Amino acid sequence: MNKSKDVILLEELKRGSDDAFKKVYQDNRTKFLSFAKKYGLESQDILDIYQDSYITLYENIVSGKLIELSSTLSTYLISIGKYKILERLRKNKHKVNDESIFNFYNENDASIEAFDLEFEKLTTKEELLAMYFDQLGEKCKAILIMFYYKKYSIKEIMSFGNYNSENVVKSQKSRCLKTLKQLFHSTPKQNE
Amino acid sequence: MNKEELLYKYFLDDLSSEEQLVFTKLLEDDSEFKAQFEFEKSVQRVIKAKNRSILEENVSNLETDIHTSSEPKIIPWKIFRIAASIVLLISLGIYMYTSYWSNSPEQLFASYYEKYPNTVFPINRSDNQEETAELLAFEAYESDNYNKTVELLEELSSQRDHAYIHFYLGHAYLENNQANKAIQEFKNVITKGQDFLNESRWYLALAFLKNDELSKAREILKIISREGKFKANEAKKLLELTD
């Protein structure tokens with residue numbers, strides 16, 4: 001439970017460091033798996049849940065939903081894990097043991113209300129859009145990823161992407177969206 | 001505040017509660033605004049999905065690293081139980097012997113591997129096609145001359161870093177019994193996350209099988225069956241067979 005160490009790791013994760021990504025995954029794995037064992041899930045399910053929770057935490061860090069730590073990274077992982085475990089138990093129509101669930105959420109949990117916890121599969125139309133997205137130029141992809149995924153403001157995109165002015169970023173972004181939209185709408189209707 | 005500004009703030013999670021009200025009202029009343037919002041929302045979901053499959057890949061690689069680096073530790077009091085298991089294993093072994101040989105990783109590779117056709121570089125022998133390195137490479141590939149394919153594609157891949165070059169180079173290595181090198185090429189395609197992504201996952205799993213790395217193969221097969229795209233049914237079957 002070393003919070004100052006975690007603050008550094010959080011910064012490294014935000015920057016996209018592979019080493020930090022690996023370290024946090026490995027450091028928390030055993031603790032998480034033994035915590036999750038208590039709920040009678042198959043070990044493969046537990047590992048799936050850990051991986052899903054880990055990716056979810058990472059996504060929320062990258063998208064700026066987790067800016068400042070109010071608990072350790074490990075507590076965040078367990079809190080996300082609890083949500084995912086409960087979801088899995090319900091999905092499996094598992095008889096949820098009242099006693100273990102009674103103390104499920106507690107005051108030690110990290111606050112994850114603002115997090116995106118669900119990952120919904122793409123619709124058929126969106127799968128198509130994904131294909132068109134690949135056809136965009138590298139610059140367009142980069143600008144859209146910075147805005148919609150990393151949630152960089154126009155100003156931040158300007159400095160990260162070496163643009164000369166905010167207006168250039170704005171018009172580039174809307175041009176990219178427009179291109180994508182045109183590709184998308186030129187699709188024959190039967191694919192909808 | 002104009003509509004564009006509202007959308008901008010929405011995607012940066014920056015709407016004030018008053019703006020949120022205006023936003024919700026516009027979604028109800030203004031169909032053009034709603035359509036634009038839904039389009040941008042889909043763009044966001046698409047990007048998230050793309051990044052998620054790369055992250056899943058990374059996490060699964062970390063997992064295979066853990067399995068390959070950790071040696072099992074034997075604790076003395078467990079030895080008796082182990083001895084008992086050995087007796088059981090021997091008797092089971094006799095029973096399993098025959099079924100194992102039909103389901104060994106190498107065997108499974110042989111029954112599931114199919115050469116991927118040349119879909120990127122059409123060759124018209126009747127035309128006077130210019131003899132580029134690419135043409136020669138894919139000609140060699142089509143005529144099963146894999147030594148030559150490897151040589152030419154290695155050269156091409158050092159000049160330009162395209163997913164399809166790595167993808168077909170991976171195949172040539174695989175056909176040439178160089179599974180380790182094939183694995184590197186398919187991983188390379190996957191980390192790019194674009195063309196041939198799903199196909200490369202499948203062939204990466206097969207390359208692991210060929211290399212007798214069953215647990216790594218299974219990690220990838222799980223992703224394939226979960227994603228439900230290229231060869232998802234075959235992946236499910238292989239998972240059952242190797243369970």
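These legends walk through several close-ups of a predicted two-chain model.

Being predicted, the model is read with cut-offs: local features need pLDDT of at least 70, side-chain atom pairs count only at pLDDT 80 or more, and totals for chains, interfaces and linings use all residues. Residues are numbered from 1 along each chain as its sequence is written, while chains are lettered from A and ligands numbered from 1 in the order in which they are written.

**View 1. Chain A, helices from end to end.**
Chain A has 9 helices and 0 strands, where helices (H or I, at least four residues) and strands (E, at least two) are DSSP runs numbered from the N terminus. Start at the N terminus and the elements go α-α-α-α-α-α-α-α-α. Of its 192 residues, 23% count as buried; that label takes 20 or more other C-beta atoms within 10 Å of the residue's own, with 12 or fewer making it exposed, anything in between partly exposed, and C-beta atoms placed from the backbone. Take the contacts in chain A between residues at least 6 apart in sequence, and 68% of them join residues at least 24 apart. A contact here is two residues whose C-beta atoms, placed from the backbone, lie within 7 Å.

**View 2. Chain B, also drawn in helices.**
Here the count is 12 helices and 0 strands, and the pattern along the sequence reads α-α-α-α-α-α-α-α-α-α-α-α. Of the 243 residues of chain B, 23% are buried. Among its contacts with a separation of 6 or more, 44% come from residues 24 or more positions apart.

**View 3. Where chain A meets chain B.**
Chain A brings 24 residues to this contact and chain B brings 22. The classes are simple: Ala, Val, Leu, Ile, Met, Phe, Trp, Tyr, Cys and Pro count as nonpolar, Asp, Glu, Lys and Arg as charged, and the others, Gly among them, as polar.

**View 4. H10 against H11 in chain B.**
Helix H10 (residues 197-210) and helix H11 (residues 214-227) of chain B pack at about 155°, with their axes 8 Å apart. Axes are lines fitted to C-alpha atoms, for helices over the stretch in contact, and angles run from 0 to 180 degrees between N-to-C directions. H10(B) and H11(B) are therefore roughly antiparallel; the scale puts angles under 35 degrees as roughly parallel, over 145 as roughly antiparallel, 65 to 115 as roughly perpendicular and the rest as oblique. H10(B) contributes residues including B:Trp202, B:Leu204 and B:Phe208, and H11(B) answers with residues including B:Ala217, B:Ile220 and B:Ile224. The contact's tally is 10 nonpolar, 1 polar and 3 charged residues.

**View 5. H11 against H12 in chain B.**
H11(B) also packs on helix H12 (residues 232-242) of chain B, at an angle of about 140° and with axes 8 Å apart. This pair is therefore oblique. Among the residues that meet are B:Leu214, B:Leu221 and B:Ser225 in H11(B), and B:Ala235, B:Leu238 and B:Thr242 in H12(B). By class, this contact holds 7 nonpolar, 2 polar and 4 charged residues.

**View 6. The largest nonpolar core.**
A nonpolar core is a set of buried Ala, Val, Leu, Ile, Met, Phe, Trp, Tyr and Cys residues joined through C-beta atoms within 7 Å. The largest one has 38 residues, and B:Leu153, B:Phe186, B:Leu204, B:Ala205, B:Ala207, B:Phe208 and B:Ile220 touch the most other members. H10(B) gives the largest share, 9 residues. Leaving out residues up to four places away in sequence, B:Phe208 touches B:Ile183, B:Glu213, B:Lys216, B:Ala217 and B:Ile220. Another core lies apart from the largest one, with 25 residues, among them A:Ile46, A:Ile49, A:Ile55 and A:Ile85.

**View 7. Two loop residues with positive phi.**
Most residues other than glycine have a negative phi. A:Lys151 has a positive phi near 55° and sits in the loop between H7 and H8 (154-160) of chain A. With 17 C-beta neighbours inside 10 Å, A:Lys151 counts as partly exposed. B:Asp212, not a glycine either, has a positive phi of about 65°, and its place is the loop between H10 and H11 of chain B. B:Asp212 has 13 C-beta neighbours inside 10 Å, so it counts as partly exposed.
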